[in-house]
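Let us take a walk through a protein together, one stop at a time. Have a look at the picture and keep it beside you as you read.

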Amino acid sequence: MLDVKVNLYNTLGKRVEEFKPNEEGKVGMYTCGPTVYHFAHIGNLRTYIMEDVLEKTLRFIGYDVKRVMNITDVGHLSSDGDTGEDKMLAGAKREHKSVMDIAKFYTDAFKTDALKLNIRWPDVVDPATNCIDEFIEMIEVLLDKGYAYVAGENVYFDTSKLKDYYCLSAQNEDELVIGARDDVDEDTNKRNKADFVLWFTKSKFENQELKWESPWGLGYPGWHIECSCISKKHLGEYLDIHCGGVDNIFPHHTNEIAQSESYFGHKWCNYWFHVNHLNTSSGKMAKSAGGFLTVSSLEEKDYDPMVYRLFCLQSHYRKPLEFSYDALDNVAAAYDKLIARIKRLEVSDEIKNELLSVSGKTSDVTDGRVPMSEAGKAPDCVDQKIYLDYEKRFAEALAGDINTSSAITVLYDVLKADADDATKAALILRFDEVLSLDLKRAFVSSDEQSDAGDAVDSELAAYVEGKIAERAAAKKNKDFATADAIRDELAGKGIVIKDTREGTTWEKA
Ligand code: AMP
Ligand code: ZN
């Protein structure tokens, strides 16, 4: 463990505070996951990139982190304040698919985008529809303790029972009328304006596709309960860090605190980490606004996802960030220059291989979970003093409220430092365990890169051939629905198949 104090801005105390986990050396971290009714846009992904840096900073210093994320596949209405359309249902209608198909497709798409941006897939990822029993249990306890009530056959949380409901958001009841809530059609079942739904049975969604039996009738959970429950399920009753975008502060995180602390009867989460928005010249990038940018739209314009990651790292997570292609072009040039500078380091193949294996870069990588090097332990082939000095400087930059641009400055300092090239290379690989900008590409020859590409291609070919064989078997059995479903599944992955006299052929679209 490095001797570095971590200071984080805590939305709860509204100031930068020293981070102290509940259990020494261990961190429980919860992240609000995506609502999977559409692709994640690059604004959502800014939040996930910066949370990834926070997680990796803690790991870099030597903490043992367990990170949990939910997938919102039920219950999130178009207004965060329980009114409007169900987002998942709207997505299913738009694409003439079932809600579960939509959820699966966009969860997979989210994971693909996250991995392209070198975001480590959290240790636990749990969809809301997988946790219905836990939601019901928590709601029952809240009713028993008098924090919830049934009205109009829905279950509501009674915010008037809390002394400090607005502890996170510095809102007040009066502001609610005109402020954060964009809806006007008030729910007359609510005893107080800020009350929110824990379980819906009678709502305006007669046609809600997913419903479960509950003590209050056939229905489905509200949005906020899922994060309280999924966090409790995997991280227990004391949480170290909870993160999300700033739009989650109210009402979502405010309501999570209300539910969890009423349920547990004590303080629940100590640190709240919120990432500010990515904006365009016309305002916040939003899924509901349409016309948003995705990782694929950047790739179509030939931007490497690493360039977008660097774009995010260059500014502080608490400041709004304005997206423009001009800004991205500047970052792309800086990224190319950086790789070229690293390439000029003179490091023998033997040392390169040693460093790549020490930093875990060549070992099995699944779900972006690249193993971290041990903190405070320099590889044998480098100058120990210089390595440990810069490792600490880099950690300290990040530990100052995740100051990514200062951390990048330390990287450039290393390149300029009076040190041998092997030590510089080792430090760059070590820093990249947090920055995750794929800087190792500077050390891998283009032959090796194309070998890796070939391996991916042959894996893809084996997968497609397998699917084509399955489809042929289905057709033989006159099961045309399955055959069509397989063709659509491949099309969804960008593979076009053609039936010819010689058999079925395929190509990438
Ligand atoms: P959603 O899928 O809409 O539930 O949002 C996923 C995450 O992205 C949440 O943590 C949001 O707070 C965050 N988010 C939404 N819009 C933006 C934006 N324009 N910039 C940064 N983060 C955002
Ligand atoms: Zn959440």
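Two residues are in contact when heavy atoms of theirs lie within 4.5 Å. Before using that idea, a word on the ground rules. This is a predicted model, in which local features need pLDDT of at least 70 and side-chain atom pairs count only at pLDDT 80 or more, while totals for chains, interfaces and linings use all residues. Residues are numbered from 1 along each chain as its sequence is written, chains are lettered from A and ligands numbered from 1 in the order in which they are written, and side-chain values use heavy atoms, with hydrogens and water left out.

Our first stop is Thr-159. You can find Thr-159 in the loop between β7 and α5 (173-178); helices (H or I, at least four residues) and strands (E, at least two) are DSSP runs, numbered from the N terminus. Which residues does Thr-159 touch, leaving aside its neighbours within four places in sequence? They are Tyr-165, Asn-192, Ala-194, Asp-195 and Phe-196. With Asp-195 there is also a polar contact, side chain to side chain, at 2.6 Å. A polar contact is a pair of N or O atoms within 3.5 Å; within protein, one must be able to donate a hydrogen and the other to accept it, and residues adjacent in sequence count only if both atoms are side-chain atoms. Is Thr-159 buried or exposed? Its relative accessible area is 6%, so Thr-159 is buried. Here buried means under 20% relative accessible area, exposed over 50%, and partly exposed in between (1.4 Å probe, protein chains only).

Next, look for a sheet. Four strands make an open sheet in the order β6-β7-β8-β9, with antiparallel pairing. Two strands pair if DSSP finds at least two bridges between them. At the edges are β6 (148-151) and β9, each pairing on one side only. Strand β7 (residues 154-157) runs antiparallel to β8, and three bridges join them; Tyr-156 stands opposite Val-197 in β8. On to β9: two bridges connect β8 with this strand, again antiparallel. Trp-199 has Pro-221 in β9 as its bridge partner, and Phe-200 stands opposite Tyr-220 in β9. Why is β8 described as largely enclosed by the rest of the structure? Because five of the five residues of β8 are buried.

Now for the rings. A pair of aromatic rings is described by the distance of the centres and the angle of the planes. Rings of Phe, Tyr and Trp (its six-membered ring) pair if their centres lie within 6.5 Å; planes under 30 degrees apart count as stacked, over 60 as edge-to-face and the rest as tilted. How many aromatic pairs does the structure hold? There are 23. In one of them, the ring centres of Phe-39 and Phe-105 are 6.0 Å apart and the planes are at 70 degrees, so this pair is edge-to-face. The two partners sit 66 residues apart, Phe-39 in the loop between β3 (26-31) and α1 (42-61) and Phe-105 in helix α3 (residues 99-116). Phe-39 is partly exposed at 30% relative accessible area, and Phe-105 is partly exposed at 29%.

A further pair takes us back to the sheet. The centres of the Phe-200 and Tyr-220 rings are 4.9 Å apart and their planes are at 15 degrees, so they are stacked. Phe-200 belongs to strand β8 (residues 196-200) and Tyr-220 to strand β9 (residues 220-221), 20 residues apart. Both Phe-200 and Tyr-220 are buried. Elsewhere, Tyr-303, Tyr-308, Phe-311, Phe-323 and Tyr-325 form one aromatic cluster. Lys-301 lies over the face of Tyr-325, 5.1 Å from the ring centre. A charge sits over a ring if NZ of Lys or CZ of Arg is within 6 Å of the ring centre and within 35 degrees of the ring normal. Arg-191 lies over Tyr-149 in this way, at 3.9 Å from the ring centre.

Our last stop is a metal. The zinc ion (ligand 2) is coordinated by Cys-32 (SG), Cys-227 (SG) and His-252 (NE2), at 2.0 to 2.2 Å. Donors are N, O and S atoms within 2.8 Å of the metal (3.2 Å for Na, K and Ca); water is not among the atoms, so sites may look incomplete. Cys-227 lies in helix α6 (residues 224-235) and His-252 in helix α7 (residues 249-264), 25 residues apart. Cys-227 is buried at 0% relative accessibility, and His-252 is buried at 1%.
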